Structures are given as C-alpha cells and as structure tokens.
Amino acid sequence: MPFARLASATTPTCHIGLGLAAVGRPGYINLGRDEDLPAGRSVDDLRARSHELLDAAYAQGVRYFDAARSYGRAEEFLADWLTARPDVDDVVIGSKWGYTYTADWRTDAEKHEVKDHSLQTYERQRAETATLLGDRLDLYQIHSVTPDSPALTDKELHAKLAEAAARGTTIGFSTSGPAQADAIRAALSVTVDGEPLFRTVQSTYNVLETSAAPALAEAHDAGLTVIVKEGMANGRLAGPHAPEEVRAIAQDAGLGTDAVALALVLRQPWAGVVLSGAATTLQLASNLHAAVVDLDDDQAARLAALAEEPAAYWERRGQLPWH
C-alpha cells in the first residue's frame, strides 16, 4: 500500500492531502470561486496556480496529491510539477477514471463532464493517465461509484483492475450521492480470485454530510485506506457561507471556519487522508491549521447537530452553479 509511506511521516499535516479539482480546470462548483482564481483562467494561469499550491503543500508537509481525468488538465499540471522536482520522491499520487472532461476549457459549457464506467473507458483513460504520470501513479480510483454503477458488477473490468493491481497500482474507488454507504458496502464485497479488489475508498464527509461514516468505519476495519473529499462542502463551510455554529467555534479557537470543519473530519478514527481543495495558498495554509485544532466533545457535538439529511444535502450540491 503506497499510503504506508505516510506512516513514518511525523509532520501534523501528513494526513492532509491536496486535491486538484478546483485548479485543474476553469469552471467548478465551489462557492467563492470568482475571488479565488485569476480572471482570465488560461491554461498557463492555472498551471502556475497548481504548481504554487503543490509547492506550498509539499513545503508544509502534505504528501498525498489527488487528481482525476475529468479535472481538466490537473494530471498534466501534476505531472509537470513532478518532472520539475525529481527530488520529490516521498509523495503518494492518486488519480481517478470514469468521467471524461467535456467543457473544452470553458466555464459556460452545457456539460462539463460525462460519466462512463465501462471497460472501454477505463482502458482509454488508463492509457491517458499513464502517458502523463507513468510510474509515478500510485493509486487509480473509479470516479464516483453509486450503487447502480456497472463498475460494481462488471467481472471483465474487475479482472483488468486486478491485473493493474498485480503490476503495483493500488486500486480504489470514490463515491458520491445520498447512497454513498450502500455503494461502499457493495464495493467491499467485490473480489477477484477470492481477494478484495479495492484497497482505498474516497468519499464525501463533512459537518453537513455525515451519512457515510458507519460504512467508512467498516471499510477502515476491512483494511482500506479512507480518503475524505469535500470536507468543506464545496465552500458551504468557508467564511461567510458557514453556519453560525461553525463560525462561533472558529472564533473561540481563533482560527478559520475551514480549519474547524476539517478538524472534525480529522477527528474520525477511520479517516486516513483528508483532502484540502484549496484554490489559493492562503486557503491552503488556513486548511492546514486543522491538524492542530483540538475540538472538545461539546464542540464536536455542536457540529454534529448541523448534519443534513443526505437527500437534501445532495440536492443542494446538485444546484451549485459551475463558475
């Protein structure tokens, strides 16, 4: 397991990762994006921003970096950064397949990505990822598995993924939607030749969406590394957008609402890596303070009371505009 590399790390930030969804393409659904990114958002602008974030994250102890085929040119930006820094040999690199980026570097595209979990898409995107990341890729995940995903039942696909695992690539999956727990449990039962196929799971968990927690605990107990995404609820837990209770706890701690929100995730015993989706180095620095926030039981309970019903949470997320 590549995440064993993190076991020997001693920095408090080693279990915080950097996800590149927000900076690999000009359009995304995070709140506050208009203030976070250059007005032009050219390829060179976002390449420079990605490299700035990667440099800052690495310097502050972050050792997991996460991309996807559908994150615009995130894999390319990450590959360029790795090539320019051959001494960086202690990081874990993950990416995902299953969505194809279709926005053509526009923010007003009718469709920004198209989902397809077929074997044909896997083979095409695996070749594309290999061209960019080569043997630096440690983890390849199926992107946004839901309970009805054919990726859970396609035996031919499972065999191909098992072949990749035998060659040294860790195989994982991510989840989304109100039935994340069902998808996680279904994936835990997938085996090839009697052996579990998946070694990692990446799921949405945050102050407002906690429904996957029991299934993530089961995955952790089964030996999977749990990666948490969207810990900031696409900006709904940041600054002025955060609920009053989160702002009050942050004020008491003298830190940002983002640090408090991510600290709640880090507090979970099953959370192996918690992703920052920062789009600026100031956001990243604030996110990383989560590693030193010491929430007490009362504060944790106050935050837990803010959880929404999964259907309502995901309906609201689905209404966030790309901008």
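Which residues of α2 are buried? The structure is a predicted model, in which local features need pLDDT of at least 70 and side-chain atom pairs count only at pLDDT 80 or more, while totals for chains, interfaces and linings use all residues. Residues are numbered from 1 along each chain as its sequence is written, and side-chain values use heavy atoms, with hydrogens and water left out.

Helix α2 (residues 43-59) comprises 17 residues and spans 24 Å from its first C-alpha to its last, close to the 24 Å expected at 1.5 Å a residue. Its buried residues (under 20% relative accessible area, 1.4 Å probe, protein chains only) are V43, L46, R47, R49, S50, H51, L53, L54, A56 and A57. These buried residues pack against β1 (16-19), α1 (33-36), β2 (64-66), α3 (74-84) and α10. Just after α2, G61 adopts a positive phi of about 100 degrees.

Helix α10 (residues 281-288) also packs with helix α9 (residues 257-266), at an angle of about 45 degrees and with the axes 7 Å apart. In contact (heavy atoms within 4.5 Å) are D258, A259 and L262 of α9 with Q283, S286 and N287 of α10.

Helices α4 (residues 119-133) and α5 (residues 155-166) pack at about 25 degrees, with their axes 9 Å apart, and are therefore roughly parallel (under 35 degrees) to each other. Here L119, Y122 and E123 of α4 meet E156, L157, K160, L161 and A164 of α5.

Key:
Axes are lines fitted to C-alpha atoms, for helices over the stretch in contact, and angles run from 0 to 180 degrees between N-to-C directions. Helices (H or I, at least four residues) and strands (E, at least two) are DSSP runs, numbered from the N terminus. Angles under 35 degrees count as roughly parallel, over 145 as roughly antiparallel, 65 to 115 as roughly perpendicular and the rest as oblique. The expected span of a helix is 1.5 Å times one less than its number of residues. Buried means under 20% relative accessible area, exposed over 50%, partly exposed in between (1.4 Å probe, protein chains only).
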